Amino acid sequence: MDGFPFGRPSDAIFQMAYYVPDIEAGMEWWTAQFGVGPWFVIDRIGGSGVTYRGRPANAEFRIALGYSGYLNIELVQTLDDRPSIYKEAREKRGYGFHHVAKAVPNLQESVAAHRALGCTVLHHSPTPGGGQVYILDGGGDGPGMIELVEDVPATREIFTAIRQASVGWDGGNPRRDFAEALTGLATVD
């Protein structure tokens, strides 16, 4: 580990996420323009255990995760047109910036604090690291949504592995299977 959970000091935003029509083209652009990579890709995620606006949801997505320094860049592409936070964002604003993410040690307390500020929970799902995430609207003047990621050891290890792969990356093997980031974890749900 490099001393920073999720690649950032505690209590800092660690991720900027973008909704893209083509994840392969998105990865190529971020790598060519900013040297982001390598990318760790989950080709199909969603479905089981996911809610959208409080109801079970079955929309599926592709995601790619890469780092630029200490900032995680997430790209998301939908695989269908079922109701989801991504379809909702596309209908309101089109493709582009989607959310910022912050890792929090007490997820339920953080969700309650954001609700007290007037935010609405739009999405809830389990994570590959055994934790969970909530995505909330960003409020009336917010430029996008807010993702709260449960700060659990396995999730920390996954993001640390992805960040470490970016340190000194020479541009080789730019697209990797997300399973590589899971290597070495004791248990993953």
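R53 counts as partly exposed, at 43% relative accessibility. Partly exposed here is the range between buried, under 20% relative accessible area, and exposed, over 50%, with a 1.4 Å probe and protein chains only. The model is predicted: local features need pLDDT of at least 70, side-chain atom pairs count only at pLDDT 80 or more, and totals for chains, interfaces and linings use all residues. Residues are numbered from 1 along each chain as its sequence is written, and side-chain values use heavy atoms, with hydrogens and water left out.

R53 lies in the loop between strand 3 (51-52) and strand 4 (55-56). Helices (H or I, at least four residues) and strands (E, at least two) are DSSP runs, numbered from the N terminus. R53 is not a glycine, yet its phi is positive, about 50 degrees. N173 also has a positive phi of about 50 degrees, and N173 is not a glycine either. N173 sits in the loop between helix 4 and strand 11 (175-177). With 43% relative accessibility, N173 is classed as partly exposed. Most residues other than glycine have a negative phi, and most peptide bonds are trans. A cis peptide bond joins G37 and P38, with omega about 0 degrees. P38 belongs to the loop between helix 1 (23-34) and strand 2.

The largest nonpolar core contains 29 residues. Such a core is a set of buried Ala, Val, Leu, Ile, Met, Phe, Trp, Tyr and Cys residues joined through side-chain atoms within 4.5 Å. F14, F40, I85, Y86, M145, I162 and F178 have the most contacts inside this core. Two or more residues come from each of strand 1 (13-19), strand 2, strand 5, helix 2, strand 7 (96-104), strand 9, strand 10 and helix 4. Apart from this core lies another, of eleven residues, among them Y18, W30, W39 and A64. In soluble globular proteins, nonpolar side chains tend to be buried together. I162 touches F40, L65, G66, Y67, F178 and A181, leaving out residues up to four places away in sequence. Contact means heavy atoms within 4.5 Å.

Helix 2 spans residues 85-93, and its buried residues are I85, Y86, K87, E88 and A89. S84 caps the N-terminal end of this helix, through a side-chain oxygen 3.2 Å from the backbone nitrogen of Y86. Just after helix 2, G94 takes a positive phi of about 85 degrees.

The largest pocket has a volume of about 490 Å³. On a 1 Å grid over the protein atoms alone, a pocket is an open set of points with protein on both sides within 12 Å along at least five of seven lines; a cavity is a set of points where a 1.4 Å probe fits but cannot get out; lining residues have an atom within 4 Å of a point. Grid points are joined across faces, edges and corners, and a volume is the space filled by probe spheres set on the points. The pocket is lined by 27 residues, of which I45, I63, S125, P126 and P128 lie nearest its centre. Strand 2 (39-46), strand 5 (60-68), strand 6 (71-78), strand 8 (121-126), strand 9 (132-136), strand 10 (145-150) and helix 4 (153-166) each give two or more residues to the lining. By class, this lining has 16 nonpolar, nine polar and two charged residues. Ala, Val, Leu, Ile, Met, Phe, Trp, Tyr, Cys and Pro count as nonpolar, Asp, Glu, Lys and Arg as charged, and the others, Gly among them, as polar.

One cavity of 30 Å³ or more is found in a search of the whole structure. The largest cavity holds about 30 Å³ of space. Its lining consists of V50, T51, Y52, A57, A59, F61, P83, S84, I85 and H123. Seven of these residues are nonpolar, three are polar and none is charged.

H124 lies in strand 8. H124 is buried, with a relative accessible area of 18%. A polar contact of 2.4 Å joins the side chains of H124 and Q132. A polar contact is a pair of N or O atoms within 3.5 Å; within protein, one must be able to donate a hydrogen and the other to accept it, and residues adjacent in sequence count only if both atoms are side-chain atoms. Neighbours within four places in sequence aside, H124 contacts G49, V50, T51, Q132, V133 and Y134.
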